[in-house]
Amino acid sequence: MPAKAGDKQRQGQSGPSGGKPAPPKPAKPAYKRRDEDVSTEAVEVVDEAGNILVKPPDQLELTEAELKEEITRVLTANNPQAPQNIIRYSFKDGLYKPISHVDQMAIHFSLNGNLIPKDSDEGRRQSIKLSTAAEKAPVETSATAPEEAAIKDEERTEDTQAAGEGKAEESGTAEAAEAADAEEPPPPAVKERKLANQFNFIDRPSWTPKYPVRDRACQSEPTPCKTLSDDINQWVIHDAYVEELRKREESKEKEKPKAQSDEINKISKAARIVERMVNQNTFDGIAQDFKYFEDESDEFRDQKGTLLPLWKFCYKGTRRLAVTAISWNPKYKDLFAVGYGSYNFMNQGKGMLLLYTMKNPSFPEYIFRTESGIMCLDFHNDYPYLVAVGFYDGNVAIYNLKKATSQPSYKSNANSGKHTEPVWQPCVPKVKWQKDDMDNNLNFFSVSSDGRIVSWTLVKNELVHTDIIKLSVEGTTMQGSEELQLQTLGCGTSFDFHKKIDYLFLVGTEDGKIYKCSKCYSSQFLDVFEAHNMAVDSVSWNPYHSKVFISCSSDWTVKIWDHTIRTPMFVFDLNSAVGDVAWSPYSSTVFAAVTTDGKAHVFDLNVNKYEALCTQLVVNKMKSRITHIQFNPVYPVVVIGGERGFVVTLKLSPNLRKMPKEKKGQEVKKGPEVEIPKLDKLLNLVREPENKTEE
């Protein structure tokens, strides 16, 4: 303790040695140490204060200007590890967008604290505990104070006795003792106990970028409102009841038990197989002729040919209907569809859609009855079970052969943009499938005598129409600042799309003109051909040559055209109204046509450019007329339909389907490489010199 230290000091001063103080110890000299790793070649430099500085030999020598130069470092709050290319999907814009603001804060240390609110139960308990500890501390200090005072008094008496025994002349020692007593420290005061700092931390504030405040609002489109008003009478109520009754009947037909239909399908499938077996036995001779018969008499006919009759297809419900359309299935080469209606506008009724196969000529594979006569039809190339049909009343429909129902899957109506005007003889609406649009929706085109060329798109469960071109109607001359005369354009009767150029198509009209049109231009035509003197019954592009097309008309002529020249390349007069014309799929120079006098004409321009190789009477002129003809895409067979509802198949003789002769050791070239030059050679013979130089 401090008191005992002072006692020992006085004992040393007044001891037996006469109380002389001990001599002070000499101070040790301070030596400056050098680092052991400093090289012996280091240079010692003395600064202004006299300190010795050691300069390493490899230290750079800087000038005063370099020493006074200030180097500024800018510290930013950006996190170098934060990604800068985060992209997230925006539901508002419907696309992926980069995020402009990225969180730059980086957490280096995180510690959960143990602060307790004073008002809580735990805080009250700790405050009571600390107050009781502070009250106990003063009681202990008051008990120890008398003992320390008694010890100090004893020490003082001992000091006075020692001083009496000494010499009186040693006043210096007495003064020193008094000075020592005066220098004794007072007793230590009791310090208040402070709470320990449980949170040893340092506040390190950081400045973060302040994001600007933005207001974002979204407003939904208002709900469309319509004001409906109508007059109600007995007839309106009656029509509503009739419509409701019709819907109920249709729903009942759809709700028929499937078990019964499945059993019928199983039986019908077995019955069809048996029926085909019986027909093969019945028509075995015709089947043998179809597969193997080749007319050897063609060698003595001077390049002429014949048509061998095969099967005849007829159905009892079509005896009073005319064949208005024929189309082969693109996948099943023995299956073809026949549309039935009437070309007599005074005698219009119901129609039928039948699908026949050459394996069973006695009964059709599919039967669809329609409320209006069918005027045209077409199979889809990629989906051979879809059939597009055009009706006499201006509607279009799509039948799905996979569905076991007699109703079309899609059908237009007055609200969905159907052809408005009736289709008079011989103006029939035509339909053609096209490639899918950008949204992969199926679509097809149609033309009718109302002058509209319409594109129909299958969207969900409805047909959406778009008018591509609207032919101008008959107008009059208007008087004014300028005389504007509207050109009279005939109503559309036939059309065909180019085989390679998707947007290019031809339209035949009622007044005998042919218009070359494009999907890209809805207000003008690319070219106009003064083709015929009467209605154009059919127009078709050549399957091989991209510039050639053929047309026929009721003016008794068939004409072959180059769409870059306005005059026909070949003209053939058949001495009767021509109902239909078709190119052969195996040759670019072979085509066939049928006339109303019951004859079929087959031409091969490579053999004879002036007349047909075969002109054969197919039906009796007094009984009925021939309306349509189509080539089979694979077999050497043509299908011909007439006004009495019959369909006849005929096989081409060898002279009508001549192919390049095979040479030993060489492969016979087929396809466009051979067919295009063959037709070009014929066209060059009839082209004018000016057109030849342009090409």
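Predicted model: local features only at pLDDT ≥ 70, side-chain atom pairs only at ≥ 80, totals over all residues.

Biologist: Good. Which residues is Asp604 in contact with, leaving aside neighbours within four places in sequence?
Modeller: Thr589, Val590 and Leu613.

Biologist: Where does Asp604 sit, and is it buried or exposed?
Modeller: Asp604 is in strand β30, which covers residues 599-604. Its relative accessibility is 5%. Buried means under 20%, so Asp604 counts as buried.

Biologist: How far is Asp604 from Asn655, C-alpha to C-alpha?
Modeller: The separation is 9.5 Å. Along the chain, the two are 51 residues apart.

Biologist: Switching to Glu675. Which element holds it?
Modeller: Helix α8, residues 672-686.

Biologist: Buried or exposed, that Glu675?
Modeller: Buried, because its relative accessibility is 4%.

Biologist: What does the side chain of Glu675 make a polar contact with?
Modeller: The side chain of Lys678, at 3.1 Å.

Biologist: And which residues does Glu675 touch, not counting those up to four places away in sequence?
Modeller: Tyr544, Tyr586, Ser587 and Ser588.

Biologist: Now rings. How many aromatic pairs are there?
Modeller: The count is 26, taking ring centres within 6.5 Å as the rule. One of these pairs is Tyr89 with Tyr96. Their centres are 5.0 Å apart, with 70° between the planes, and the pair is edge-to-face.

Biologist: How accessible are Tyr89 and Tyr96?
Modeller: Tyr89 has a relative accessible area of 37%, so it is partly exposed. Tyr96 is at 60% and counts as exposed.

Biologist: What about Tyr383 and Tyr385, and why that class of pair?
Modeller: Edge-to-face. Their ring centres lie 6.0 Å apart and the planes are at 70°. Planes over 60 degrees apart count as edge-to-face, so the pair gets that class.

Biologist: And how accessible is each of those two, Tyr383 and Tyr385?
Modeller: Tyr383 is partly exposed at 31% relative accessibility. Tyr385 is partly exposed too, at 24%.

Biologist: Which residues form an aromatic cluster?
Modeller: Phe570, Phe572, Trp583, Phe591 and Phe603 form one.

Biologist: Which charged ends sit over rings?
Modeller: Lys312 has its charged end over the ring of Phe646, 5.4 Å from the centre. Lys411 does likewise over Phe391, at 5.3 Å from the ring centre.

Biologist: Sheets next. What is the strand order in the open sheet with β10?
Modeller: β10-β11-β12-β13, 4 strands with antiparallel pairing. The edge strands are β10 (374-379) and β13 (410-411), and each pairs on one side only.

Biologist: How many bridges join β10 and β11?
Modeller: There are 5, in the antiparallel sense. β11 covers residues 386-391.

Biologist: What stands opposite Leu377?
Modeller: Val389, in β11.

Biologist: Zoom out for me. How many helices and strands in the chain?
Modeller: The chain has 9 helices and 34 strands.

Biologist: What share of the chain counts as buried?
Modeller: 34% of its 695 residues.

Biologist: And the accessible surface of the chain, how much of it belongs to carbon and sulfur atoms?
Modeller: 52%, out of about 48700 Å².

Biologist: Last one. What share of contacts joins residues at least 24 apart?
Modeller: 47%, among contacts between residues at least 6 apart in sequence.

Terms used
Residues numbered from 1 in each chain as written. Heavy atoms only, no water. Helix = DSSP H or I, 4+ residues; strand = E, 2+ residues; numbered from the N terminus. Buried < 20%, exposed > 50% of the residue type's maximum accessible area, 1.4 Å probe, protein only. Polar contact = N/O pair within 3.5 Å; in protein donor to acceptor, adjacent residues only side chain to side chain. Contact = heavy atoms within 4.5 Å. Phe/Tyr/Trp six-rings, centres within 6.5 Å; stacked < 30°, edge-to-face > 60°. Lys NZ or Arg CZ within 6 Å of the ring centre and 35° of its normal. Areas by Shrake-Rupley, 256 points an atom, 1.4 Å probe, with all protein chains shown as cover. Pairing = 2+ DSSP bridges.
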